[in-house]
Amino acid sequence: MESRKILEKKAKPKKKLVGHKQHTLHLLRKMLLIRRFEEKAGELYTLLKIRGFLHLYIGEEAVAVGVMEALKPEDAVVATYREHGHALARGMSASAIMAEMYGKQEGCSRGRGGSMHLFDALTRFYGGNAIVGGGLPLAAGLALADKMQRKPRLTCCFFGEGAMAEGEFHETMNLSALWQLPVLFVCENNLYAMGTALERSESVTNLIEKTKAYGVEGSSVDGMDVVAVEGAAKKAASYVRTQQRPYFLECKTYRFRAHSMFDAELYRSKSEVETWKQKDPITTFIKSLKDQKIITKDVLNKLEREISQEIQQAVDFAEQGTWEPVEELSRFVYSEPKPL
Ligand SMILES: Cc1ncc(C[n+]2csc(CCOP(=O)(O)OP(=O)(O)O)c2C)c(N)n1
């Protein structure tokens, strides 16, 4: 009897570890996919395969990946112009995103939006917004529609701390609290809005104080730690769903690359960037998984190979894609008549 008890005791954590292991590998896979996808995109940009603006998310992967774990398929997601990571974490196909960046018809926005305007109705991904703060009122509108139609869904809105200096942020906070809208606001505080440091543009740098002034509850989390972000996001999403009220989650993070492909980075020192790189969300996660013996070198190499194949397929898909015929350029400026 005693030995059976011991066996049962031993068996339990093993079972848990399998689920835990699969989940951690899933988080790592998503972060690595985003990192490698964007490294490739940066390369393709210099080869002039991708034109227009390109804002890389490298360094911030733990935020999109952790938060997305708290969302359900029926929830909506709104992001900024730095949104490849969010789109991939939400489950959009790397091929459709790459083709979009190439400007091909097979892209998720038919090649008309490019890097800053990714869209996918299937995963309820509403962008990709070039205007700083522009996604905030859109998120409130989506949540208001859900509330009016009594649909039990949540809208998750990602934005940078730079958006908090915009009027749209303040109007959205006010109305979301007043109308009790189910929005999870996720602020990706990477300390700089283009070349402007937070303390140079905001009189109050404790961001949660700002939202509290509107009656919106909030909390902060280490945005370089995917597990911490996932935990905080799950609590936050549960608050939004049960209370039917907005919530503000600040994720403290850092972008390792320049603001966009055109940025001399005169506003920060190389040593500051190097210090933050010590907290790289991917390398620190891999180290902790290795220390816990959850991952081996072989598993990691296999993961890297699979991701590399997925990205190569995306590039091939984009290369073989079709250009939009010039005579179709004015199509979709206005919605097309629906068949009666
Ligand atoms: C309304 C508006 N003003 C200015 C710009 C130019 N602009 C593009 S990105 C950016 C900085 C935004 O920083 P933040 O919101 O912190 O996001 P991050 O780039 O750090 O992810 C600015 C000022 C813009 N796109 N829209």
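Mentor: Start with G103: this residue takes a positive phi of about 80° just after helix 4. Helices (H or I, at least four residues) and strands (E, at least two) are DSSP runs, numbered from the N terminus.
Trainee: Before we go on, what kind of model is this?
Mentor: A predicted model: local features need pLDDT of at least 70, side-chain atom pairs count only at pLDDT 80 or more, and totals for chains, interfaces and linings use all residues. Residues are numbered from 1 along each chain as its sequence is written, and side-chain values use heavy atoms, with hydrogens and water left out.
Trainee: Back to helix 4. Mostly covered or mostly open?
Mentor: Mostly covered. Helix 4 spans residues 94–102, and nine of its nine residues are buried. Buried means under 20% relative accessible area, exposed over 50%, partly exposed in between (1.4 Å probe, protein chains only). Among them are I97, M98, E100 and Y102.
Trainee: New topic. What's the strand order in the sheet?
Mentor: The order is 1-2-3-7-6, an open sheet of five strands with parallel pairing. Two strands pair if DSSP finds at least two bridges between them.
Trainee: Which strands stand at the edges?
Mentor: Strand 1 (76–78) and strand 6 (217–222). Each has a single partner strand, so one side of each is left without a neighbour in the sheet.
Trainee: How many bridges link strand 1 and strand 2?
Mentor: Three, in the parallel sense; strand 2 covers residues 155–160. C157 in strand 2 is the bridge partner of V78.
Trainee: Now the ligand. Which residues come nearest?
Mentor: Y81, R82, G162, N190 and Y192, out of 15 residues around the ligand. Near here means that one of a residue's heavy atoms lies within 4 Å.
Trainee: What about polar atoms?
Mentor: A backbone N or O atom of Y192 lies 3.0 Å from a ligand oxygen. For A163, a backbone N or O atom is 3.4 Å from an oxygen of the ligand. E161 uses its side chain: an N or O atom there is 3.3 Å from a ligand oxygen.
Trainee: One more. Where does E230 sit?
Mentor: In helix 9, residues 226–243. E230 is buried, with a relative accessible area of 7%.
Trainee: And its side-chain partner?
Mentor: K234, through a polar contact of 2.8 Å between the side chains. A polar contact is a pair of N or O atoms within 3.5 Å; within protein, one must be able to donate a hydrogen and the other to accept it, and residues adjacent in sequence count only if both atoms are side-chain atoms.
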